[in-house]
Amino acid sequence: MKKIAQPVELNCIAEAKEIACIMQEFMEERGGVGIAAPQIGVDQQIMIIASKPNQRYPDAPLMEPLTLINPKPVSYSENQVEFWEGCLSVPGLRGNVVRPDKVDIRYTELNGSPAVLSLSGFPARIFQHEYDHLIGKTFLDRINSVDDLITDKVYCQIMAAQ
């Protein structure tokens, strides 16, 4: 998981679509809001962002799942936001991670067309979290100390008390 994912060859988009289907199924079965191909053992620059309210993220905005091939951040906002992140690859833990609250990206769509997108708030965080997987990182690489880690159980207790 600490390996940098390889770009998808644009003449292999059909294969990327098949991988994306497997990724989406894996993500949905586990209640995730995003996933990157390295999380299922595929060394390719493919990710899905699928923000939706669920047990892990009850306040998440609803958006249609979006598959991004060879995504690249173009710019980040200066405004940084702290938030407790979980990860399908690190079950049972949350990390308090500081990330920019907006990101502009370019990527390739599943039909092979180039695209650009501006994301803010929770969807921007999902993108940055999944992009980390593509560059060989996890949220654990982004925390400042072990004090920034809690279990899902403690996180749920904190959320219930708010």
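**Reading the sheet and the rings**

Author: Let us begin with the sheet: 5 strands form an open sheet in the order β1-β2-β3-β6-β7, with antiparallel pairing. The edge strands, each pairing on one side only, are β1 (34-36) and β7 (114-120). Helices (H or I, at least four residues) and strands (E, at least two) are DSSP runs, numbered from the N terminus, and two strands pair if DSSP finds at least two bridges between them. The model is predicted: local features need pLDDT of at least 70 and side-chain atom pairs count only at pLDDT 80 or more, whereas totals for chains, interfaces and linings use all residues. Residues are numbered from 1 along each chain as its sequence is written, and side-chain values use heavy atoms, leaving out hydrogens and water.

Reader: How many bridges join β6 to β7?

Author: Strands of a sheet pair through backbone hydrogen bonds, either parallel or antiparallel. Here β6 and β7 run antiparallel and are joined by 7 bridges. Tyr107 stands opposite Ala115 in β7. The hairpin of these strands has 5 residues between them, and Gly112 there takes a positive phi near 95°. β3 and β6, also antiparallel, are joined by 5 bridges; Ser75 has Asp104 in β6 as its bridge partner.

Reader: Which strands does helix α1 lie across?

Author: Helix α1 (residues 13-29) lies across β1, β2, β3 (66-76) and β6 (102-108), at about 45° to β2. Helix α2 (residues 121-134) packs on the sheet and touches β1, β2, β3, β6 and β7, its direction making about 160° with that of β2. Contact means heavy atoms within 4.5 Å; axes are lines fitted to C-alpha atoms, for helices over the stretch in contact, and angles run from 0 to 180 degrees between N-to-C directions.

Reader: Why is the pair of Phe127 and Tyr131 stacked?

Author: A pair of aromatic rings is described by the distance of the centres and the angle of the planes. Rings of Phe, Tyr and Trp (its six-membered ring) pair if their centres lie within 6.5 Å; planes under 30 degrees apart count as stacked, over 60 as edge-to-face and the rest as tilted. By this rule there are 4 aromatic pairs. The centres of Phe127 and Tyr131 are 5.7 Å apart and their planes are at 20°, so the pair is stacked. Both residues lie in helix α2, 4 residues apart, about one turn of the helix. Phe127 and Tyr131 are both buried (under 20% relative accessible area, with exposed over 50% and partly exposed in between; 1.4 Å probe, protein chains only).
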